[in-house]
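Hi everyone, thanks for coming along. Please have the picture ready on your screens, and we will walk through it together.

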Amino acid sequence: MGRAGDSLTPASSAGTGVAWAIPLLKVASTASTTIAPVLADHGKYQRLTAATAVTITLPSDATQAFPIGSYLLYKATAAGLATFVAGSSATLEGPPPTAVLPAEGSLVAATKVAANTWAFDGELA
């Protein structure tokens, strides 16, 4: 019996039988100082390794139509602190017009909660 969030996948390349698969996060590292998320980044755990400031621009639907419920995870793993800003016609819910990962080691999730609207969970300043 699977757990919540598990999915059934083919147990062989021939497609015979099924097995439970535990969904895993995609992990990536980036040293970029300017990040504009794309649909392929949904559910990805991004390790921010830049030594200088990083700007992450969360898009509106006109730029990247992330489905509601999409999430992006960011972990500051170097000295370059990340600032989140709203792209044209996008809204950041909760924090001031910009949100900042406060220190190396901080983790935040940005979740698309409505059309053109992103909310945050985690450590922000």
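Before going on, a word about the source. This is a predicted model, where local features need pLDDT of at least 70 and side-chain atom pairs count only at pLDDT 80 or more, while totals for chains, interfaces and linings use all residues. Residues are numbered from 1 along each chain as its sequence is written, and side-chain values use heavy atoms, with hydrogens and water left out.

Back to Ser60. Is Ser60 buried or exposed? Ser60 counts as buried, at 2% relative accessibility. Buried means under 20% relative accessible area, exposed means over 50%, and partly exposed is in between (1.4 Å probe, protein chains only). Leaving aside neighbours within four places in sequence, Ser60 is in contact with Ser88, Ser89, Ala90 and Asn116; contact here means heavy atoms within 4.5 Å.

Now for charges. Side chains of opposite charge can pair when their charged atoms come close. We call it a salt bridge when a side-chain nitrogen of Lys or Arg is within 4 Å of a carboxyl oxygen of Asp or Glu. How many salt bridges does that rule give? The count comes to two. In one, Asp61 meets Lys112, at 2.5 Å from N to O. Asp61 is in the loop between β6 (54–58) and β7 (71–76) and Lys112 is in strand β11 (residues 107–114), so this pair ties together parts that are 51 residues apart in sequence. Asp61 is partly exposed at 28% relative accessibility, whereas Lys112 is buried at 2%. There is also a salt bridge between the side chains of Lys44 and Asp41, at 3.4 Å from N to O, and both of those residues are buried.

Next, the rings. A pair of aromatic rings is described by the distance of the centres and the angle of the planes. Rings of Phe, Tyr and Trp (its six-membered ring) pair if their centres lie within 6.5 Å; planes under 30 degrees apart are stacked, over 60 edge-to-face, and the rest tilted. The whole structure has three aromatic pairs. Phe66 and Trp118 have ring centres 5.3 Å apart and planes at 80°, so this pair is edge-to-face. Phe66 lies in the loop between β6 and β7 and Trp118 in strand β12 (residues 117–122), so the pair links distant parts of the chain, 52 residues apart. Phe66 is buried, with 3% relative accessible area, and Trp118 is buried too, with 0%. Ring pairs also link Tyr74, Phe84 and Phe120 into a cluster.

Finally, the strands, which pair if DSSP finds at least two bridges between them. Four of them form an open sheet with mixed pairing, in the order β4-β6-β8-β10. Why is one side of β4 (34–35) and of β10 (98–100) left without a neighbour in the sheet? These two stand at the edges, so each has a single partner strand. Strand β8 (residues 82–86) runs antiparallel to β10, joined by three bridges, and Val85 stands opposite Thr98 in β10.

Elsewhere, β3 and β5 run parallel, with five bridges, and Thr30 has Leu48 in β5 as its bridge partner. β5 also pairs with β7 in the parallel sense, over four bridges, where Leu48 partners Ala76.
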